[in-house]
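Hello,

Here is the structure I promised to pass on to you. My notes on what turned up in it follow just below.

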Amino acid sequence: MTHLEKLLAHIHHNHVYIQTHDFPDADAIGSAFGIQYLLKLYNIDSTICYRGKIDRSYLSKMLVALDIELYNIKNIDDITSEDSIILVDSQKGNSNLLNFTCTNVFCIDHHPTFLASDYIYSDIRADIGACSSIIASYFFESGIPIPCNVATAILYGIKVDTANLTRHVSDLDLDMFYQMFKLADIALTKSFDTSTLQFNDLTAYAHAINSIQVYDDISFTNTGINCPEALIANISDFMLSLSEVSLSIVYSLRNDGIKLSLRSDNAKYDVGQIINYALKGIGNGGGHSTMAGGFVECNHDNGKSTRMFIAQIEERIFKAIDELCKK
């Protein structure tokens, strides 16, 4: 059986929800759109949903251009425990995913698993650079033609999540990128790239540059308050581009806690393991060896206590680095 046949064999509803992580990026959107199209071919309707917000202008442009509909979970009030939900580009227990009480949960993802969970069906391949590549393979395994808008969404998802095929790239990513490239609207994907930076982003970059601290080859940076999740990741990549930095750690204070993003270009630093180890007991974290994220809940009523808490997180990260590098 193909992966798609295995998935379909476990779906017993004529409607399912496709849930991305809270702040969906191009890969999550491309993956969700691809699986939505496949389900529709088998007379299964679906609703793509998320909890946070679409916080980058190029993503909004992508949704409009490709006719992709996403719904915020706060505007969906009819989900019940009996509904089926397919998680894409995320897993149960992640800090950036609202966990429903639904019993029929499916998962298609490309991140390492740090918290074991039961799924009706799962296809989790941590060696793949983009979840969109996995979805693309469903089309080819099943011999299903891919329309231009779906191919464009999937191609852009692979492009963004692998940093233009330079990060955590597998043979499947390369193969699916090549196949999608022949079917997608390349001019359209280029137009998305022209909208990746907004004027307000400069404030976060300035805050990060002014606050950066470098310890050996490890940088620690603050992007300011309520920095969009995608921008935190972009700044983490930016800091990693410094010749002196092999491990970039970037954080932003949120209303309900502290969001972290980590990037590494040195094999000795597995940032997915590092952040999971460091936040154990106080928050959640995980990801790939080269890119990862985490979240710690806390309030910011007292500036001094917040600074102390950030210092404790920093200390825990360095302890995790020390412990894991010894192994």
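The lining of the second largest pocket divides into seven nonpolar, nine polar and eight charged residues. In that count, Ala, Val, Leu, Ile, Met, Phe, Trp, Tyr, Cys and Pro are nonpolar, Asp, Glu, Lys and Arg are charged, and the others, Gly among them, are polar. The space in this pocket is about 460 Å³. Of its 24 lining residues, the closest to the centre are Asp 22, Arg 51, Ser 95, Asp 256 and Phe 295. The largest share of the lining, three residues, comes from S12.

Grid points are joined across faces, edges and corners, and the volume is the space filled by probe spheres set on the points.

Before the rest, two notes on where all this comes from. The model is predicted, so local features need pLDDT of at least 70 and side-chain atom pairs count only at pLDDT 80 or more, while totals for chains, interfaces and linings use all residues. Residues are numbered from 1 along each chain as its sequence is written, and side-chain values use heavy atoms, with hydrogens and water left out.

Now to the sheet that S12 belongs to. Six strands form an open sheet in the order S7-S8-S9-S10-S12-S11, with mixed pairing. Its edge strands are S7 (213-215) and S11 (284-287), each pairing on one side only. Neighbouring strands here are turned by 15° against each other on average, direction ignored. Helices (H or I, at least four residues) and strands (E, at least two) are DSSP runs numbered from the N terminus, and two strands pair if DSSP finds at least two bridges between them. Axes are lines fitted to C-alpha atoms, for helices over the stretch in contact, and angles run from 0 to 180 degrees between N-to-C directions.

S11 and S12 (residues 291-297) run antiparallel and are joined by four bridges. Gly 285 lies in S11, and its bridge partner in S12 is Gly 294. Is Gly 285 buried or exposed? Gly 285 is buried, with a relative accessible area of 16%; buried means under 20%, exposed over 50% and partly exposed in between, with a 1.4 Å probe and protein chains only. Leaving aside neighbours within four places in sequence, Gly 285 is in contact (heavy atoms within 4.5 Å) with Phe 114, Ile 275, Asn 276, Leu 279, Gly 293 and Gly 294. Its C-alpha atom is separated by 14 Å from that of Asp 22, which is 263 residues away along the chain.

There is also an open sheet of six strands in the order S3-S2-S1-S4-S5-S6, and its pairing is parallel. S3 (70-72) and S6 (121-124) stand at the edges with a single partner strand each, so one side of each has no neighbour in the sheet. The twist averages 30° from one strand to the next.

Within this sheet, S2 (residues 45-50) runs parallel to S3, joined by three bridges, and S1 (residues 15-19) runs parallel to S2, joined by five. Cys 49 turns up in both pairings: it stands opposite Tyr 71 in S3, and Gln 19 stands opposite Cys 49 in S2. Five of the six residues of S2 are buried, so this strand is largely enclosed by the rest of the structure. Helix H4 (residues 131-142) lies across S5 (104-109) and S6, at about 105° to S5.

Two backbone angles may interest you as well. Most residues other than glycine have a negative phi. Asp 67, though not a glycine, has a positive phi of about 60°. Asp 67 sits in the loop between helix H3 (57-66) and S3 and is exposed, with a relative accessible area of 60%. Asn 164, also not a glycine, has a positive phi of about 60°. Asn 164 is in the loop between helix H5 (148-161) and helix H6 (171-183), and at 47% relative accessibility it counts as partly exposed.

Best wishes

How values were computed: 1 Å grid on protein atoms, 1.4 Å probe; cavity = no way out; pocket = protein on both sides within 12 Å on 5 of 7 lines; lining within 4 Å.
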